[in-house]
Amino acid sequence: MKSPQPDIWKTPLAYLKGVGPRRAEVLETELGLRTYEDLLEYFPRRYLDYGQITPIAQARPEQEAVFRGKLGPFQVRPLAGGRRALLTTTLYDGQAWIELVWYQGWEWVRQKFSPGQQVLAIGRPLYKKRILQIAHPDLVLLTDSKVPEQFLRIYPVYPLSEKLRQAGLDNKRLHMLFEELYRITRFEREDPIPAPIREAYQLMPLSEALRALHLPTSIEEADQARYRFKFQEFFLLQVLLIRRKYFLKTQYTAPSFTQVGSLLNEFYEKYLPFALTEAQKRVIKEIRRDMALSTPMNRLIQGDVGSGKTIVALFAALIAIGNGYQVALMAPTEVLAEQHARSFRKWLAPLGIGVGLLLGSTPPAQRKRILEKLATGELACIIGTHALFQKNVQYHRLGLTIIDEQHKFGVKQRAALWEKAHPYRPHNLLLTATPIPRTLALSVYGDVDVSIIDELPPGRQPVKTYIRTEAQRREVWNLLRAELQKGHQAYVIYPLVEESEKTDLKAVEEGYELIQRTFSEYPVGMIHGRMNSERKEREMHLFKSGHTRILVGTTVVEVGVDVPNATVLIVEHADRFGLSQLHQLRGRVGRGGYPSYAIFIAPNNLSETALTRFQALAQYHDGFHIAEIDLKLRGPGDFLGTKQSGLPEFKIADIVEDQAILRQARQAAENLVSQDPSLALYPTLRTHLSEYVERHSLELFTA
Ligand code: ADP
Ligand code: MG
């Protein structure tokens with residue numbers, strides 16, 4: 001199908017009959033709509049049915065509805081101080097009345113309507129000086145109390161601002177514009193969804209769907225159109241992600257490790273310090289399978305804090321080293337890198353494998369030695385921070401990269417490490433302790449394979465979780481003191497939304513002073529994002545070594561930090577954190593087999609809903625379950641945070657509500673890419689995809 005004129009869709013809106021230069025300008029500034037095409041893609045928020053009349057007595061503020069009644073007398077009232085005047089009248093349905101008001105541009109109302117006429121008034125009632133009124137309602141004159149034929153039975157409601165309404169761009173005007181646009185174009189557009197997929201999933205063709213969306217003849221039809229566009233939104237993103245994954249696998253080769261090697265077996269038989277959980281075994285198997293292939297592994301391991309991701313990473317490392325390749329493990333901070341180095345050295349020492357540690361702070365002479373050994377291949381395992389991918393670092397045969405807390409690194413940084421294996425690609429293992437519900441993961445991590453460790457090692461006692469208010473402060477301090485007296489350590493965490501927020505910073509500093517005074521017999525440390533990294537590292541060391549007993553800080557206390565002696569976590573202003581974040585913070589205690597406590601301090605006047613939210617934390621200890629609840633409560637935008645996700649905003653689809661559609665779209669995309677990875681058969685889809693990437697400035701996960 002070809003458009004009647006190839007470029008008609010790029011026509012500026014000013015040329016559309018009923019728009020004109022002034023309204024075109026408002027459409028652009030208010031909604032960012034410039035062309036016919038833009039207007040076409042401006043979707044209704046919902047639909048009203050002319051047949052469904054709301055009695056005026058049941059009018060509710062903010063709820064757009066259709067009312068029927070008799071117009072009262074018109075009154076022109078001057079606006080205070082100005083030359084402008086407003087027009088008011090009433091609508092009466094025999095039981096109740098509501099005020100109708102126009103602030104400007106109301107001449108036509110007086111010309112077309114007169115008091116006593118039966119009309120439909122469509123709009124959103126609001127209280128003004130305690131009187132319920134509808135500003136700028138859409139009016140439809142009834143003849144014989146019936147809706148005239150030329151009006152649609154279904155009334156699409158667009159999201160409109162007051163500015164638009166003032167420029168005469170109300171819903172009725174938009175309907176007229178769409179009718180005009182339909183008259184000249186028939187909404188003919190090339191469909192990005194391939195016909196076989198449309199058939200398989202019973203999706204309306206694009207042009208028909210656009211018509212049903214903007215000019216519906218029934219609610220059912222409009223719903224079908226909405227379904228199609230939801231599918232389309234998911235489908236486009238999924239095709240992008242799946243193609244990425246496909247090309248990553250086919251364009252690069254990685255060394256294939258068909259044998260796990262003798263090292264792994266020796267470690268497993270002689271030195272494994274504990275029995276692996278079933279989840280760990282399953283994930284190790286998945287990794288083994290990936291690494292046996294000559295296409296690079298790109299596997300993300302999601303596992304709750306304390307689920308034992310490190311030992312799983314070690315098994316991957318043993319496979320690579322056992323096959324004569326090198327391993328680089330990168331962590332976002334020096335403290336974490338050192339912690340990993342300690343674990344790896346302990347595990348690898350009996351096998352006679354040395355572990356290097358490369359940090360920003362590594363002294364030059366030592367750095368030089370490490371770099372030499374890396375380049376010659378003498379060093380098989382290197383652990384470090386950003387230092388690992390700097391220009392002067394050369395690897396002999398890098399076969400595996402492991403990236404801990406992968407979201408702390410940018411796409412380019414991860415890629416910089418992978419490129420060190422030139423001309424082939426290493427296998428890549430990504431670790432994260434941020435659980436993301438499965439369906440969300442399909443979009444956020446759609447271009448990597450995901451493994452989930454959904455089981456904690458046995459014998460873990462759940463962290464006892466309490467919600468307390470300021471009024472119960474003494475009780476909180478008593479618990480803290482009792483634990484300190486047993487020789488344990490504690491974290492006290494303050495919110496810090498932006499690292500630059502002064503008031504938050506002050507709260508941390510004041511909290512630090514308060515705790516120093518209250519617990520003057522114990523050394524207290526402080527850590528926050530405004531400190532330079534050396535200072536932060538030093539504070540973490542003091543705490544890890546047991547020198548400081550209480551650490552007061554913000555969430556910069558790293559996720560993975562393992563201080564088994566810490567048994568108390570106190571979170572101040574807990575109402576300012578998301579559930580998942582609180583759960584992660586909680587994972588900082590309960591790591592040493594001692595009974596541990598998380599105390600979330602909330603304001604005295606905590607609302608019922610906020611309380612329910614917190615109770616989920618006291619009740620559940622599974623990060624995935626909590627993430628699901630969090631996602632439902634906050635919606636995907638807040639749940640993921642703006643920076644982290646790289647996920648485009650969906651215009652019509654809802655990633656939580658429309659999970660079933662997402663799964664179908666994913667499946668359709670998988671089938672399509674496996675049959676025609678270059679999309680040679682579907683040029684329209686290809687063009688759409690490149691526009692999509694541009695429009696959303698997508699940074700793909702593994703780019
Ligand atoms: P995370 O997934 O948060 O990175 P770690 O890998 O640091 O968790 O593991 C947390 C602790 O649990 C470590 O002390 C680790 O040695 C221990 N651990 C891991 N797996 C098991 C297991 N299967 N049985 C007992 N302890 C385990
Ligand atoms: Mg960890």
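How far is an oxygen atom of ligand 1 from an N or O atom in the side chain of Lys-309? In this predicted model, the separation between that oxygen atom of ligand 1 and the N or O atom in the side chain of Lys-309 is 2.7 Å. The protein covers 79% of the 560 Å² of accessible area that ligand 1 has on its own.

## The surroundings of ligand 1

Ligand 1 is surrounded by 15 residues, and the closest of them are Ala-275, Gly-306, Lys-309, Thr-310 and Arg-460. By residue class, the shell around ligand 1 divides into five nonpolar, six polar and four charged residues.

| Residue and atom | Atom of ligand 1 | Distance |
|---|---|---|
| Gln-280, polar side-chain atom | nitrogen | 2.9 Å |
| Ser-307, polar backbone atom | oxygen | 3.5 Å |
| Lys-309, N or O atom in the side chain | oxygen | 2.7 Å |

## The chain as a whole

The chain has 703 residues, of which 54% count as buried, and its secondary structure comes to 24 helices and 23 strands. Taken along the principal axes, the C-alpha atoms fill a box of roughly 95 × 65 × 40 Å. The accessible surface of the chain comes to about 32,700 Å², and 49% of this surface belongs to carbon and sulfur atoms. Among contacts between residues at least 6 apart in sequence, 74% join residues at least 24 apart.

## Helix H7

Helix H7, which runs over residues 206–214, is largely enclosed by the rest of the structure, because eight of its nine residues are buried. These buried residues are Leu-206, Ser-207, Ala-209, Leu-210, Arg-211, Ala-212, Leu-213 and His-214. The elements against which the buried residues of H7 pack are helix H2 (36–40), strand S1 (46–49), strand S10 (154–157), helix H5 (171–185) and helix H8 (219–251).

## Aromatic pairs

A pair of aromatic rings is described by the distance of the centres and the angle of the planes. The structure holds 17 aromatic pairs.

With a relative accessible area of 15%, Tyr-325 is buried. Elsewhere, ring pairs link Tyr-42, Tyr-158 and Phe-178 into a cluster.

## Three individual residues

Which residue does the side chain of Arg-473 join in a polar contact of 3.0 Å? The partner of Arg-473 in that side-chain contact is Glu-470. Arg-473 is found in helix H16 (residues 473–485) and has a relative accessibility of 15%, so the residue counts as buried, the cut-off being under 20%. When residues up to four places away in sequence are not counted, Arg-473 touches Glu-572 and Ile-601.

Ala-598 lies in strand S23 (residues 597–602) and counts as buried, at 0% relative accessibility. The C-alpha atoms of Ala-598 and Leu-569 are separated by 4.7 Å, although these residues are 29 apart along the chain. Leu-569 is also among the residues that Ala-598 touches, the others being Val-463, Lys-464, Thr-465, Tyr-466 and Arg-586, again not counting residues up to four places away in sequence.

Thr-434 is found in the loop between S16 and helix H15 (438–444) and is buried, with a relative accessible area of 18%. Leaving aside neighbours within four places in sequence, Thr-434 is in contact with Gln-302, His-407 and Gln-584. From C-alpha to C-alpha, Thr-434 and Leu-276 are 21 Å apart in space, and they are 158 residues apart in sequence.

Conventions
Residues are numbered from 1 along each chain as its sequence is written. Chains are lettered from A and ligands numbered from 1 in the order in which they are written. This is a predicted model: local features need pLDDT of at least 70, side-chain atom pairs count only at pLDDT 80 or more; totals for chains, interfaces and linings use all residues. Side-chain values use heavy atoms; hydrogens and water are left out. Buried means under 20% relative accessible area, exposed over 50%, partly exposed in between (1.4 Å probe, protein chains only). Helices (H or I, at least four residues) and strands (E, at least two) are DSSP runs, numbered from the N terminus. Contact means heavy atoms within 4.5 Å. A residue is near a molecule or strand if one of its heavy atoms lies within 4 Å of it. A polar contact is a pair of N or O atoms within 3.5 Å; within protein, one must be able to donate a hydrogen and the other to accept it, and residues adjacent in sequence count only if both atoms are side-chain atoms. Accessible areas come from the Shrake-Rupley method with a 1.4 Å probe; for residues, only the protein chains shown count as cover. Ala, Val, Leu, Ile, Met, Phe, Trp, Tyr, Cys and Pro count as nonpolar, Asp, Glu, Lys and Arg as charged, and the others, Gly among them, as polar. Rings of Phe, Tyr and Trp (its six-membered ring) pair if their centres lie within 6.5 Å; planes under 30 degrees apart count as stacked, over 60 as edge-to-face and the rest as tilted.
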